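Me: I've got this structure open and I'd like to talk it through with you. Please keep the answers plain.

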Amino acid sequence: VDADRGSVTIEGGDIAITADGDGIQAEKNLTIKGGSINIVTGGGSANAKAKSDNFFGKRPGMTAATTTEDNTVSIKGLKAGVAITISGGAFNLDTCDDAIHANGTVTINGGDFTIAAGDDGIHADESTTIGGGSIAITKSYEGLEGLTVTISGGELNIVASDDGMN
């Protein structure tokens, strides 16, 4: 098996994507070093279903309701199975689900982002690291999410209906 297979690298150009599924999906790694990237998935953040944790106002002894949906289509903006690394570019992401999502890590060291997400603005199952860039999350359920979240630079403006950082 070729170790480089399943990865996507973007170094420039103008990209406009409207998709019913994911905008850009890499099985392994997604690397973006520049370009102008405009993505709308699933009709945009306006089409997202309202979320609720169901914790507030519950009776003693009750737990939060959990639901799972099988056979659903993934509708994320930028998605990778392992890692997303972004060091530059201009991004306008309007997504029904997560705008930026990695099953491993998300690292952003540059770029200008305008994000409206139906779920998370930026999500990593492991670590989310912001070292630079200008990130405006104008709509999200959770703004930044990761097992660990590290911010060492950049400018962040986050609007979230639940957690700004989780």
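Me: Which residue in β4 is the bridge partner of threonine 9?
Reply: That's threonine 31. Strands here are DSSP runs marked E of at least two residues, while helices are H or I runs of at least four, and both are numbered from the N terminus.

Me: Ok, and how do β1 and β4 pair, parallel or antiparallel?
Reply: β1 and β4 pair in the parallel sense, over three bridges. Two strands count as paired if DSSP finds at least two bridges between them.

Me: What should I know about the model itself?
Reply: This is a predicted model where local features need pLDDT of at least 70 and side-chain atom pairs count only at pLDDT 80 or more, though totals for chains, interfaces and linings use all residues. Residues are numbered from 1 along each chain as its sequence is written, and side-chain values use heavy atoms, with hydrogens and water left out.

Me: How many bridges does β4 have with β7?
Reply: Four, again in the parallel sense, and β7 covers residues 83-86. Leucine 30 has isoleucine 84 as its bridge partner in β7, and asparagine 29 has alanine 83.

Me: And what about β7 and β10?
Reply: They run parallel and are joined by four bridges. One example is threonine 85, whose bridge partner in β10 is threonine 107.

Me: How many helices and strands are there in the chain?
Reply: There are zero helices and 15 strands.

Me: Which strands make up the open sheet, and in what order?
Reply: Five strands, in the order β3-β6-β9-β11-β13, with parallel pairing. β3 and β13 (142-145) stand at the edges with a single partner strand each, so one side of each has no neighbour in the sheet. On average, neighbouring strands of this sheet are turned by 10° against each other, direction ignored.

Me: What holds β3 against β6?
Reply: Three bridges join them, and they run parallel. Glutamine 25 stands opposite lysine 79 in β6.

Me: Lysine 79, then. What does it form a salt bridge with?
Reply: With aspartate 22, where the closest N and O atoms are 3.5 Å apart. Lysine 79 sits in strand β6 (residues 78-80) and aspartate 22 in the loop between β2 and β3 (24-26), so the pair ties together parts that are 57 residues apart in sequence. A salt bridge here is a side-chain nitrogen of Lys or Arg within 4 Å of a carboxyl oxygen of Asp or Glu.

Me: Why would such side chains pair at all?
Reply: Side chains of opposite charge can pair when their charged atoms come close.

Me: Is lysine 79 buried or exposed?
Reply: Lysine 79 is buried, with a relative accessible area of 18%.

Me: How many salt bridges does a search of the whole structure find?
Reply: Three. One of them joins glutamate 11 and lysine 33, with the closest N and O atoms 3.8 Å apart. Glutamate 11 is in the loop between β1 (8-10) and β2 (14-19), and lysine 33 is in the loop between β4 (29-32) and β5 (36-41), so this pair ties together parts 22 residues apart in sequence. Glutamate 11 is exposed at 58% relative accessible area, while lysine 33 counts as partly exposed at 46%.

Me: What about aspartate 97 and lysine 76?
Reply: Their side chains meet in a salt bridge, 2.7 Å from N to O. Aspartate 97 is in the loop between β8 (90-95) and β9 (100-102), lysine 76 is in the loop between β5 and β6, and the two are 21 residues apart. Both are buried.

Me: New topic: which residues touch the most other members of the largest nonpolar core?
Reply: Leu78, Ile84, Ile86, Ile100, Ile108, Ile115 and Ile122, out of 29 residues in that core. Strand β10 (residues 105-117) gives the most to this core, with five residues. A nonpolar core is a set of buried Ala, Val, Leu, Ile, Met, Phe, Trp, Tyr and Cys residues joined through side-chain atoms within 4.5 Å.

Technical notes:
Buried < 20%, exposed > 50% of the residue type's maximum accessible area, 1.4 Å probe, protein only. Axes fitted to C-alpha atoms, helices over the stretch in contact; angles between N-to-C directions.
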